[in-house]
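Subject: The structure, and what turned up in it

Hi,

Here is the structure I promised you. Have a look at it first, then read on for my notes.

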Amino acid sequence: MGRRWAPGICAVALIWLAAAAAGDSDPDELERAYPIVEPDYGHTKLRLSQQGLEAIRRIENPIAVVGVIGPYRSGKSFLLNQLLSLSCDKGFGVGHMRDTKTKGIWIWGTPIEMDVDGTKVSVLYLDTEGFESVGKSNVYDDRIFALATVLSSVLIYNLPETVREADISRLSFAVDIAEEFYGRVKGGDIAFEPAKLLWLIQRDFLQGKSVQQMVNEALQRVPNDSGDKYIDEVNQIRDSLAVMGNNSTAFSLPQPHLQRTKLCEMDDKELDPLYVKRRDELKQVVGSIIKPKFVQGKTLNGKEFVSFLEQILEALNKGEIPSTGSLVEIFNKAILERCLNVYKEKMDGLGLPVPVDKMQKIHEVANDQARMLFNKQHFGKHHAGQSFLKLDEEITKGVPCRCTETSF
């Protein structure tokens, strides 16, 4: 079915009405950027920003997210303002100083209303702190990257000039996420659908190649006769990205103007006409691939999205490095509870007293049913082992007690 942008005035009016109904005194406050996640004091882990979360909680429609990631000072904030048709003084903060302007993850407070396959969807635009800036650890960059990967419906990978090996390496978490959950996307009980990856290459000339050809060549395996471990790891990521090809696309965008530090002072008439044309085409591409975020079989409104964000952030902050296994445990938690309930209901159906041998047989049947349910519904292709051990541990804990009760 077709998709169309709802009129901007209507979108703003709906938000004003919602804010008024909630008793908010100044709905104009939504017309700005808000932090939703900020760095902790040591700039290694992330913490929630309640101000931004409140802006999200207001949303009643299903939510979709367009996130932009990439190196610091690569023009992510300016790009987002262009996609939202916002000036620099009104939209996301744009900095030309050496220090990165955006800290953590920010959203634009007023979602864009879209019709996606007959459903009204509220699209949030998400700005992220650039990686490779000074004064930060690599693991902090990984957490930002991982969180944006999980939250986004469309993930724009904003890269200047070309695709470097380091840029591919950074997608390791996105690849892990896709491999763990992608196989269940078509099922009824979806953990979450991996983001559509949009490679955005900002350069003026492609030397006769299309941007898709450039990305495809960057994703070809590199010979590794020396057995270098790092090259082998990046080659594995390349292989996985190639398999995920139908979940990604590539787009090129020329530089808007040679004087990059003065871009915020220019209107469309002063920008390169080819840039303006390609920018408008990019808006159409992004709009055509947006889908609402699905988590465990359902779309999310604002309050549900914030709850999802809180769970994911807790998982990513665990340990020294962000782990796909931690996410798998989060999503398997509800399934574990269902499996344990299947076991418990079967055992609770026993009348007392009952012979021990009959108890053992019923236990084995109930145990098999719980395991079969877990095997059918669990998330995680490689990292489900910990959740399975948890199921086994919880069932085992209940067995001795029941046998003692019925042995007399």
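This is a predicted model: local features need pLDDT of at least 70, side-chain atom pairs count only at pLDDT 80 or more; totals for chains, interfaces and linings use all residues.

Two strands pair if DSSP finds at least two bridges between them. With that in mind, β5 and β7 are an antiparallel pair, joined over three bridges.

Strand β4 (residues 63-69) runs parallel to β7, and six bridges join them; here G67 has L126 as its bridge partner in β7. β6 also pairs with β7, in the antiparallel sense and over five bridges, and M114 has V121 as its bridge partner in β7. So is β7 mostly covered or mostly open? Mostly covered: eight of its 10 residues are buried.

Now for the turn. β6 and β7 make a hairpin, with two residues between them. D117 sits in that loop, between β6 (112-116) and β7 (119-128), and has a positive phi of about 50 degrees without being a glycine. Why does that deserve a second look? Because most residues other than glycine have a negative phi. D117 counts as partly exposed, at 39% relative accessibility.

S85 is exposed, with a relative accessible area of 57%.

Cheers

Conventions. Residues are numbered from 1 along each chain as its sequence is written. Side-chain values use heavy atoms; hydrogens and water are left out. Buried means under 20% relative accessible area, exposed over 50%, partly exposed in between (1.4 Å probe, protein chains only). Helices (H or I, at least four residues) and strands (E, at least two) are DSSP runs, numbered from the N terminus.
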